[in-house]
Amino acid sequence: MSNHLLTFHTLSPLHCGIGQAVGAIELPIAREKPTHIPVIPGSSIKGVFRAEPQDAALQKAAFGPVTQDASEHAGAIQFADARLVLLPMRSLKGVFAWTTSPYLLARLSRDLVQAGLKPWAQEPEVRDASCLVASPSSLVHDGKVILDDLDFQAVNGQQNVDDVARILGALFFPEAPEAVAKRLCIVPDDVMSLLLEMGTELQTRVCLDPDTKTVRKGQLWQEENLPVESLLAGVVQVNAAPGTTEAELAKHLAGLCTRGQSKATLQFGGKSTVGKGLCLVGLAGKE
């Protein structure tokens with residue numbers, strides 16, 4: 001058994017829905033119940049990889065047989081939910097910031113350890129009304145970081161924050177690991193809870209009557225999406241299967257994540273016909 005870490009970088013708004021209304025939003029995104037952190041459900045991730053037109057024998061070993069033959073054996077690759085790590089927020093300076101919080105980073109640190117990767121040595125601590133930025137940062141304006149209508153006193157120069165930025169950059173952008181540092185913004189957990197609500201994208205959709213060109217009755221609704229540039233990560237466990245070794249299946253999974261390039265572009269969630277859910281997918285972990 002070996003653990004790895006799947007990474008997701010949204011190239012278009014992502015809608016992994018729950019199929020029912022919550023409050024005023026008819027089509028909300030999937031979230032963890034206690035924390036309200038947006039997720040890509042593990043079942044969605046498995047479904048996308050299983051649908052890839054690859055070696056049939058390896059696909060069966062990795063993801064299990066078709067439904068009518070499900071009693072033969074279970075799939076050898078097990079997917080956890082991919083949780084949000086960095087949420088993009090509009091910034092007065094630097095265009096946008098990748099926001100996160102100590103709690104989100106602590107959970108990612110735990111996942112890094114499971115995947116055999118080295119996390120940062122010390123968890124960052126941030127006080128109310130302030131935020132932590134790495135060096136150098138493109139977000140600071142007159143000593144503050146301004147996200148939408150919220151402003152925070154910027155604190156930089158902390159070694160542990162620079163370590164977080166370096167490790168996140170290597171994880172999500174191995175070809176340009178410095179990409180995260182200039183936009184990283186660590187806010188208090190309470191503030192992050194607010195950003196998880198206000199930072200998602202709401203889109204109003206309608207269905208028109210083809211004859212009258214007016215909205216059909218009951219066909220006006222709102223969809224919630226994770227915005228473009230969101231970064232998520234989730235643990236995946238690879239086991240051996242009958243007739244197939246763990247190493248072979250790990251290599252097969254890595255191939256699904258690359259398609260001959262550094263990262264593959266796959267579609268997750270719903271609304272694929274209107275361009276939603278395109279993600280760059282990467283795989284990290286010890287071989």
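A salt bridge here is a side-chain nitrogen of Lys or Arg within 4 Å of a carboxyl oxygen of Asp or Glu. The model is predicted, so to speak of local features takes a pLDDT of at least 70 and side-chain atom pairs count only at pLDDT 80 or more, while totals for chains, interfaces and linings use all residues. Residues are numbered from 1 along each chain as its sequence is written, and side-chain values use heavy atoms, with hydrogens and water left out.

**Salt bridges**

The structure has eight salt bridges, including these:

| Pair | N to O distance |
|---|---|
| Glu32 and Arg107 | 2.8 Å |
| Asp151 and Lys144 | 3.5 Å |
| Arg166 and Asp163 | 3.7 Å |

Take Arg166 and Asp163: they sit three residues apart in helix H4 (residues 159-172), so about one helical turn separates them. Helices are DSSP runs of H or I with at least four residues, strands are runs of E with at least two, and both are numbered from the N terminus. Asp163 is buried at 18% relative accessibility; buried means under 20% relative accessible area, exposed over 50%, and partly exposed in between (1.4 Å probe, protein chains only).

What about Glu32 and Arg107, buried or exposed? Both are buried. Asp151, on the other hand, is partly exposed at 42%, and Lys144 is partly exposed at 33%.

**Helix H1**

Over in helix H1 (residues 42-50), the buried residues include Gly42, Ile45, Val48 and Phe49. Looking down the axis, the buried residues of H1 fall within an arc of 125°, so they line one face of the helix. That arc is taken from the directions from the helix axis to the C-beta atoms.
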